[in-house]
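Work through the exercises below with the model open beside you. Try each task before reading its solution.

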Amino acid sequence: MSGTRLGDLLVKAGLITAEHLVQALEYQKKNGGRLGSCLVNLGFISDEDVTTFLSRQYGVPSINLQYFEVDSAVVKLVPEDTARRYEVVPLSRLGSALTIAMVDPTNVFAMDDIKFMTGFNVEPVVASESAIRQAIEKLYTTPQGNALTQAMEAFSENGDEALELEAEEAELAESELVREASEAPVVKLVNAVLREALNRGASDIHMEPYEKEYRIRYRIDGILQTIMSPPMKMKDAITSRVKIMSKMDIAEKRLPQDGRIMLRLNQNGKNRQLDFRVNVLPTLHGEKVVMRLLDKENLRLDMTKLGFEAESLVKFEKAILKPYGMVLVTGPTGSGKTNTLYSSIARLNNPDTNIVTAEDPVEFQLVGINQVQMKEQIGLNFAAALRAFLRQDPNIILVGEIRDFETAEVAIKAALTGHLVLSTLHTNDAPSTISRLMNMGIEPFLVATSVHLICAQRLVRRICTNCKEELKLPQQALLDAGYTPQELKETSVFKGKGCEKCNGSGYKGRAGLYEVMEINDEIRELILVGASALELKKKAVETGMITLRRSGLIKIKDGVTTLEEVIRETVL
């Protein structure tokens, strides 16, 4: 709402005089700020009077923020720079409605932006300007926000030296983009975004241009969270900076590009090397950048710590210790398949064993293992690499993914001729992997004889141990999830209350759910007669397979994760 209009309305309501309004407008011209706060500063009206008037005028409730306890998890829905720009404070969320306190309840741009950013319907309440400013200072002044806030502030001043990050930069021709991308504030912001991703334990960074907003999000424990919205005018400079660091062609904006950033970072006096896999995609409003953080320190190569149930781990280890045959790990993108495969080859990595891998891309470099990066554009695909491997006297072959009949056929032949083959497939569960291979064109007798074990997996968020508390749930909800009446008597359910350590989410870290299907003689016979995935699953459960849902129920009972997480990732 324009200041003049507010002033006229206040005069009309008899809360200030026309003379007061003239003086306040003069004061505003000299000192800036909103007209409401100018009137308050001059002592012509109180904060409460302005708030009460706006509340009555627009039929919006008013609130005294001093007496309101704000949910810290809700604060994270609106980035600090957005809260400051629009002078708003997120208060609470109920279902799909987000309640925000605003100085100006007529600011539809603010409401639209916040609705777009959070995905929730916005319900405004009015609060005084001074109370909102105090609330923003109190709620957003956290150690985690500081690095990014400072970097954002660098846009409005000449930023000094960059953070302690080093990157080799490709030599590029002089151009406006290179100049912009090399300016200190841009360098500082990009470095702060990379460093903060590490500090917060993010797996991916998304830099997304939209028509009226430029948004940066982190994927933390599998969930995307909005971190900041830099000014739109910085969009090209930020993208160019990332492209320079990852040795891409900054002049090419029409085609997707892939690159890699290797960084040395000094963190708490300790030198660390970080690896970011970068992809740039042209979208309607500019180039979207996604960076996958490959932090070797987060790679768990100890199989006992991945989250396998004891009996499932025994079966899995037995299969990978066989001298030949195929072991398949299945699940959607981001379910931890690569980690499981790397753990398997780390377990098998001995000086007397020749291990070769075909990967797209090579995510982590492992000592003593021959890793090959696929290059489709020159004809080096999984099938071609596999054929070459068979002439390299391998003991163990890891194929990043079986995508087509050709790769599947060569992999199965390798498994039948004395090699242990490890690979991945995108299927929903272990039994449906058999059907998938047959749909690719592989004969049932080849599948039955070559595949020794299939492991399906998912990742669920772990309950934060710092704020973990017991939760009372209706017994019917637990029965519907798959618990037996007998199990209910000895099952306690937990959740995270939300604290500083987990950013108010109640979750910290992730755990794996595993469904390990051993191909025994009974299942082999079913495969040979062309049994359906449903029949295979029934037989596998009869012979002791722990399903993904059952693995989740065990982890709920052990207090590792919540019922919501397991229901979100698995089916009965």
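## Exercise 1: A surface patch

Task: Find what Phe445, Leu528 and Val529 form on the surface.

Solution. Phe445, Leu528 and Val529 make up a nonpolar surface patch with about 330 Å² of accessible area together. Patches are built from residues with over 30% relative accessible area and no salt bridge; like charges are joined within 9 Å, nonpolar side chains (Val, Leu, Ile, Met, Phe, Trp, Tyr) within 5 Å. Accessible areas come from the Shrake-Rupley method with a 1.4 Å probe, and for residues only the protein chains shown count as cover. Helices (H or I, at least four residues) and strands (E, at least two) are DSSP runs, numbered from the N terminus. Finally, valine 529 counts as exposed because its relative accessibility is 67%. Buried means under 20% relative accessible area, exposed over 50%, and partly exposed in between (1.4 Å probe, protein chains only).

The model is predicted: local features need pLDDT of at least 70, side-chain atom pairs count only at pLDDT 80 or more, and totals for chains, interfaces and linings use all residues. Residues are numbered from 1 along each chain as its sequence is written, and side-chain values use heavy atoms, with hydrogens and water left out.

## Exercise 2: The whole chain

Task: State how many helices and strands the protein chain has, and what its C-alpha trace spans.

Solution. Start with secondary structure: 24 helices and 19 strands. Then take the principal axes: the C-alpha trace spans about 95 × 70 × 45 Å. Last, burial: 50% of the 572 residues count as buried.

Two pairs give C-alpha to C-alpha distances. Leucine 35 and valine 367 are 332 residues apart in sequence and 66 Å apart in space. Leucine 35 belongs to helix α3 (residues 35-41) and is buried, with a relative accessible area of 2%. Threonine 424 and valine 126 are 298 residues apart in sequence and 54 Å apart in space. Threonine 424 is in strand β15 (residues 420-425); at 5% relative accessibility, threonine 424 is buried.

## Exercise 3: Helix pairs

Task: Describe how α13 crosses α14, then how α15 crosses α16.

Solution. Two packed helices are described by the angle between their axes and the distance between the axes. Axes are lines fitted to C-alpha atoms, for helices over the stretch in contact; angles run from 0 to 180 degrees between N-to-C directions.

- Helix α13 (residues 310-320) and helix α14 (residues 337-348) have axes that come within 11 Å and cross at roughly 60 degrees. Therefore α13 is oblique to α14. Their crossing is right-handed.
- The axes of α15 and helix α16 (residues 405-416) come within 8 Å, crossing at roughly 20 degrees. So α15 is roughly parallel to α16. This crossing of α15 and α16 is left-handed.

Angles under 35 degrees count as roughly parallel, over 145 as roughly antiparallel, 65 to 115 as roughly perpendicular, and the rest as oblique. A crossing is left-handed if the near helix is turned anticlockwise from the far one by less than a right angle, and right-handed if clockwise.

## Exercise 4: Backbone details

Task: Inspect aspartate 221, aspartate 393 and the bond between aspartate 360 and proline 361.

Solution. Aspartate 221 is not a glycine, yet has a positive phi of about 50 degrees. Aspartate 221 lies in the loop between β6 (214-220) and β7 (223-228) and is buried, at 16% relative accessibility. Aspartate 393, again not a glycine, has a positive phi of about 50 degrees. Aspartate 393 is in the loop between α15 (382-389) and β14 (396-399) and is exposed, at 64%. A cis peptide bond joins aspartate 360 and proline 361, with omega about 0 degrees. Proline 361 lies in the loop between β12 (355-359) and β13 (370-373).

## Exercise 5: Salt bridges

Task: Which residue forms a salt bridge with lysine 318?

Solution. A salt bridge is a side-chain nitrogen of Lys or Arg within 4 Å of a carboxyl oxygen of Asp or Glu. The whole structure has 31 salt bridges. Lysine 318 pairs with glutamate 518, their closest N and O atoms being 3.4 Å apart. This pair links distant parts of the chain: glutamate 518 in strand β19 (residues 507-518) and lysine 318 in helix α13, 200 residues apart.
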